[in-house]
Amino acid sequence: MNNRWMAVVFSAIVLSACGGSDGGSANSSSTPDFRVKLANTSWEKECSTYNKLPSDELTDAWQVKIKLSIDSSLNATYRTEYFHPGDTKCNSMMFDALDISRFEIRGKVFSEESIEAHALNETFTFNSGNRNVPPNFTLVYLDGEKLYFGQSSAKNPGTAPETRHASISLNHYFRKVL
């Protein structure tokens, strides 16, 4: 009987030392860790097709290279180099653009592909084209030397927290610059 009582007390001590099961502590501690992993990093997206220029005159799918730098305050600077649509190797740049935004990491979420990502609210503070870029409510996922963002869909265009991107394309990513 005395051994049974000791086993119950020991089990209670072990369970209380492990913490609760509400899952809140994992989320709150992982988000600051993720911020640290993302801060002070540089990324590059290799030559790829881009057809979202905000102009009626430019309807072709251009080729782009994108360089992304994220500072310690999670301010992101994108330098996008545009290449002629037929320049699939991105050899001769036609023009470039600069966008600066602020990343706000909002906690862990699961994508439609069951990838554990983080909710990201991105607010643009500057762009070289003087265009009004609305906030972007998306996902961000870091897998070693690859950085992925959520992708827009008709159901989840990313224009508000309620319509945050829900999917991540594993075919489109930034590679870490070492």
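Predicted model: local features only at pLDDT ≥ 70, side-chain atom pairs only at ≥ 80, totals over all residues.

Modeller: Start with accessibility: buried means under 20% relative accessible area, exposed over 50%, and partly exposed in between (1.4 Å probe, protein chains only). Arginine 131, with a relative accessible area of 32%, is partly exposed. Residues are numbered from 1 along each chain as its sequence is written, and side-chain values use heavy atoms, with hydrogens and water left out.

Biologist: Which residue does arginine 131 meet in a salt bridge?

Modeller: Side chains of opposite charge can pair when their charged atoms come close. The cut-off for a salt bridge is a side-chain nitrogen of Lys or Arg within 4 Å of a carboxyl oxygen of Asp or Glu. Here the partner of arginine 131 is aspartate 99, at 3.3 Å from N to O. Aspartate 99 lies in strand S4 and arginine 131 in the loop between strands S5 (116–127) and S6 (136–143), so the pair ties together parts 32 residues apart in sequence. Strands are DSSP runs (E, at least two residues), numbered from the N terminus.

Biologist: Is aspartate 99 buried or exposed?

Modeller: Aspartate 99 is buried, at 8%.

Biologist: Which residues are linked in a network of salt bridges?

Modeller: Lys67, Arg79, Glu81 and Asp96. Arginine 79 pairs with glutamate 81 at 2.5 Å between the closest N and O atoms, and with aspartate 96 at 2.9 Å. Glutamate 81 is buried at 11% relative accessibility, whereas arginine 79 is partly exposed at 30%.

Key
Helix = DSSP H or I, 4+ residues; strand = E, 2+ residues; numbered from the N terminus.
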